[in-house]
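Welcome! Have a look at the structure first.

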Amino acid sequence: MKVFSRYISKHLLSFIGLILALVILNIAAFAFTFYNAVSKNFGSISPQNMLKQVAAASSSNGITNEAERMIITNSLWAMYLNMEGSCNWTVNLPEEIPTEYSIQDIAIFSKGYLKDYPVFVWSDVNGLLVIGYPKNSYMKITSNYYPIDTVRKIPLFFLGITVIDLLVLFLAYSLSKAQISKNTEPIISSIATLSEGKSINLSINGELSEIAVSINKASNIISRQNTARANWISGVSHDIRTPLSMIMGYADRIVKDKDADNRIKEQAAIISRQSIKIKDLVQDLNLVSKLEYEMQPLQKENIRLSKLLRSFAIDLLNSGLPDFYSLEVNISPDSENSMIECDTKLITRAVNNLVQNSIHSNPKGCTIILSLQVTESKLLLTVQDNGIGISVEKLEELKNKPHYMESTDDRLDLRHGLGLLLVRQIIEAHHGTIEIESRPHEGYKTNIYFSGISKP
Amino acid sequence: MDNTFLQNKKLLLVDDEPELLEMVTAILSDEGFGNIVTAVSVKEGISAAQNEKPDLAILDVMLPDGDGFSLMQQIRTFSDVPVIFLTAKDESVDRLSGLGLGADDYIAKPFLPQELLFRIYAVLRRCYKDDTPFINLDGCTIDFARAEVHKAGKTIPLTAKEHIFLETLARSEGRIVTVDTLCQALWGDNPFGYENSLNAHVRRIREKIETDPSKPVSLITVKGLGYKLNARK
């Protein structure tokens, strides 16, 4: 999976890149904030150094040319005040600066500004050296004390930067995570769909589009195979139908033949019954495979299930249900007019399969009850018989064992019949749920719940 | 209802399988149909329909030189003969009902002979009026043309609703008809709530047709489902 590793390394690299950029940014922020102060406070033209150099290069009587040049080139000015408060000498002195000072003047400017010029003083035995800096070049804090919140700002700055860094990192993490899930989510979900044997069509752009192409290819293969399988089953079932019509037709003719002897008639009746079983099987097989591969379009319409049940029941009775079976239909008044969206043919088929199940499991006869009622805003369709029922183990098998269409295990006894699978598929296609209840000698009962009831 | 007048109708069978044609012909002959024409292709089917002028056509969907649908469309250009399709595919059934081709019915293969006969009778009865519209019940005879019941030498008239009710049941004589179908025929709409009216009609009809209305033998109730009309054996 070259594409994936490329994809992941790209994301990791960009993450590392971001961290590096943040570190550099932090250093820059620190340097920018503090370098200025450092260079101004401790550099060669800082007041500290200037005072030292000028003091060394001057006395109460004058200043060396070199020091004078240095003051002028840096746009500073300087003066030397003697004990009486008058200037012994000046360098580059602005016009507005006086040359005579009282003690009060000196006390005030030595801590702060002289006519808005930040000034710095150096005292020696004969007097006071004053160096003036351009206006607005330094801010002098004229008091010796600092408000505590100013001091507090320093740790706060570090804390703030750290928090911002963490936030940026977290944001980058979430964005990148969202981006990865956004790109991989459709891939993962389509692989899950594929694993159910269903076809998909995945469309994504960007680095992972190659994967989408491969997945779509796999899906096409699966869908082609599914279609081929369903067509194959449909073809076989089609080809069986015409010959089976003839077997059923002739067997029935022999049963009704007045000249045939009874033994032959009985045998023909067996052929007829078994042919009907094959007919049901062929139809089930075809329908199951089509529902399985989603090739059966549902023709849903809003119908009254009560009507469907009655119509099914009379068809069954009219087709000649043997006397030892009795069929009851109980439709509760509140469910009489309940309508659901369903495919009439398929639902009738599901009910028929359940009823045929009861008939086949009880060859000696039983009472079959079809009922319809409304429970908890759902429509409950029940097919039950009072026949021999099935054992607890068998019931578990029915509930849990896969059908042979879904099982790769070739031991037939581990798989159950087609009829129930079809019922399940039909009910699932209608978003209904199904429950089976049975106990030995207490009959067999299937509950089918449909939601989405409407009234006419 | 008496079926003999229907058995005189001419039927056209078209199927590419000669053995199936032979069998269906045999089943129909057993039943009393004497007038049967067969064809094995679209071409033969069209000429048979033109020359023989059948009263009912039973067409296979899959034919060697085309399909039953196009055969029907071609027949429709010169004839309004009712058509029943025989189909070996579930899809065809869907197509038939979905396309609204105007077929009268369809039968999916494999079919039981009685199912085939029932469908044929149903379509024929729907399309051709009975010349002698009588049904003989146990103890009386219903004359549908005059809407009268002849019982024990007396003539009892039927109301319009009773007539529809009995005619609907007589068309499926011996078979159960659901309350839904009956209400549809009587009132033409959603039948729920008409149960009491239906019961009232049934009571009155029984008084007219049954020898002992409290022990009905002709008009039978099938609890929760519908009613059945039994002809005299």
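A residue counts as buried under 20% relative accessible area, as exposed over 50%, and as partly exposed in between (1.4 Å probe, protein chains only). This is a predicted model, in which local features need pLDDT of at least 70 and side-chain atom pairs count only at pLDDT 80 or more, while totals for chains, interfaces and linings use all residues. Residues are numbered from 1 along each chain as its sequence is written, chains are lettered from A in the order in which they are written, and side-chain values use heavy atoms, with hydrogens and water left out.

**Exercise 1. Find the partner of Lys208(B) in a salt bridge, and decide whether Lys208(B) is buried or exposed.**

Step 1: A salt bridge is a side-chain nitrogen of Lys or Arg within 4 Å of a carboxyl oxygen of Asp or Glu. The partner is Glu162(B), with 2.5 Å between the closest N and O atoms.

**Exercise 2. Which chains does the salt bridge between Asp180(B) and Arg310(A) join?**

Step 1: The N to O distance of this pair is 2.6 Å.

Step 2: Asp180(B) belongs to helix α8 (residues 179-187) of chain B and Arg310(A) to helix α8 (residues 305-318) of chain A, so the bridge joins two chains.

Step 3: Both Asp180(B) and Arg310(A) are buried.

**Exercise 3. Describe the lining of the largest cavity.**

Step 1: On a 1 Å grid over the protein atoms alone, a cavity is a set of points where a 1.4 Å probe fits but cannot get out, and lining residues have an atom within 4 Å of a point. The whole structure has two cavities of 30 Å³ or more.

Step 2: The largest cavity holds about 40 Å³, a volume being the space filled by probe spheres set on the points, which are joined across faces, edges and corners.

Step 3: Among its lining residues are Leu13(B), Asp15(B) and Ile58(B). The biggest contribution to the lining, three residues, comes from α2(B).

Conventions: Helix = DSSP H or I, 4+ residues; strand = E, 2+ residues; numbered from the N terminus. 1 Å grid on protein atoms, 1.4 Å probe; cavity = no way out; pocket = protein on both sides within 12 Å on 5 of 7 lines; lining within 4 Å.
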